[in-house]
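Hello,

Here is the structure I promised to pass on. Please open it and keep it beside this email as you read.

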Amino acid sequence: MTIIYLVRHGTTDLVGKLLCGTTPGIHLNDEGRQQAQKTAAYLAQYPIKALFCSPIQRAVDTAEIIGKTLALPASQKEFLSEIDFGDIQGTEASILRELPLWTQFIQHPAEVSFPNGESVIDVQKRASAGLAALASQFAEQEEIVCVAHGEVILLTVADFIGLPLDEMHHLTIDTACVTRLEWFNDRKRLRFHNYRPY
């Protein structure tokens, strides 16, 4: 059994205000750094073997803070990257809520492919396949941390527990919160979801 802790990045000045997606150069703010430090302190109670993160800046910032506490380097993995929202990336939240495509994403994400971006199904496939491949590299009972993004974690958890893709938004994942997946040879188990250490 490999144990995987999925961690969403800490908050930024743009969380809840702008659809950041894969936009580069967005760093954690002071609150986000404090969240990451408390999450790091929580994770320090476990014998973490390795640390991985999305290459997007806010995830890298979070992983670096966690890595300092755990004395581990953070290895960047493309499969942990946020959805490429294509043409609607960078849209303000107030405008986003009025877009038919966004409404469709909330209600029926399995049908959505973002123009000049990714399809939701493809993101789920690349994230789930990447995590499975990563898990296979570690021995039974070894524990690892992966820092990623809200939608990517939701998609991964939905696939992990067999939840239909269109039901993914019945789950939630807050900034710097922790989800624990246990990967057995013959089965999978969600030990806890969206635990907030701060």
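Helix 6 is mostly covered, with ten of its twelve residues buried. Keep in mind that this is a predicted model.

Which residues of helix 6 are buried? They are Gly150, Glu151, Val152, Ile153, Leu154, Leu155, Thr156, Val157, Ala158 and Phe160.

**The cavity**

The structure holds one cavity of 30 Å³ or more. The largest cavity has a volume of about 40 Å³. Its lining is made of Leu6, Phe79, Leu80, Ala127, Leu131, Ala148, Val152, Ile153 and Thr156. Where does the largest share of this lining come from? Helix 6 gives that share, three residues. Helix 5 (120-135) and helix 6 each supply at least two residues of the lining. By class, the lining of the largest cavity has eight nonpolar residues, one polar residue and no charged ones.

**The pocket**

Now turn to the largest pocket. About 660 Å³ of space lies in it. How many residues line the largest pocket? There are 29. Arg8, Val15, Gly16, Trp102 and Glu151 lie nearest its centre. Glu151 is also one of the buried residues of helix 6.

Three helices each supply at least two residues of the pocket lining: helix 3 (93-96), helix 4 and helix 6 (150-161). By class, the lining of the largest pocket has 14 nonpolar, eight polar and seven charged residues.

**Aromatic rings**

A pair of aromatic rings is described by the distance of the centres and the angle of the planes. How many aromatic pairs does the structure hold? It holds eleven.

Start with Trp102 and Phe105. This aromatic pair is tilted, at 4.8 Å centre to centre and 45° between the planes. Both residues lie in helix 4 (residues 100-107). They are three residues apart there, so about one helical turn separates them. Trp102 and Phe105 are both buried.

Phe105 has another partner, Phe114. The centres of these two rings are 5.5 Å apart. What makes the pair edge-to-face? Its planes stand at 65°, and a pair counts as edge-to-face when the angle is over 60 degrees. Phe105 and Phe114 are both buried.

Elsewhere, ring pairs link Tyr5, Tyr42, Tyr46, Phe192 and Tyr195 into a cluster.

The charged end of Arg187 sits over the ring of Phe184, 4.5 Å from its centre.

**Trp183**

Last, look at strand 5 (residues 178-183), where Trp183 lies. Is Trp183 buried or exposed? At 17% relative accessibility, Trp183 counts as buried, because the cut-off for buried is under 20%. Trp183 and Ser136 are 47 residues apart along the chain. Their C-alpha atoms are separated by 9.2 Å.

Best wishes

Conventions. Residues numbered from 1 in each chain as written. Predicted model: local features only at pLDDT ≥ 70, side-chain atom pairs only at ≥ 80, totals over all residues. Heavy atoms only, no water. Phe/Tyr/Trp six-rings, centres within 6.5 Å; stacked < 30°, edge-to-face > 60°. Helix = DSSP H or I, 4+ residues; strand = E, 2+ residues; numbered from the N terminus. Buried < 20%, exposed > 50% of the residue type's maximum accessible area, 1.4 Å probe, protein only. Lys NZ or Arg CZ within 6 Å of the ring centre and 35° of its normal. 1 Å grid on protein atoms, 1.4 Å probe; cavity = no way out; pocket = protein on both sides within 12 Å on 5 of 7 lines; lining within 4 Å. Points joined across faces, edges and corners; volume = space filled by probe spheres on them. Nonpolar A, V, L, I, M, F, W, Y, C, P; charged D, E, K, R; others polar.
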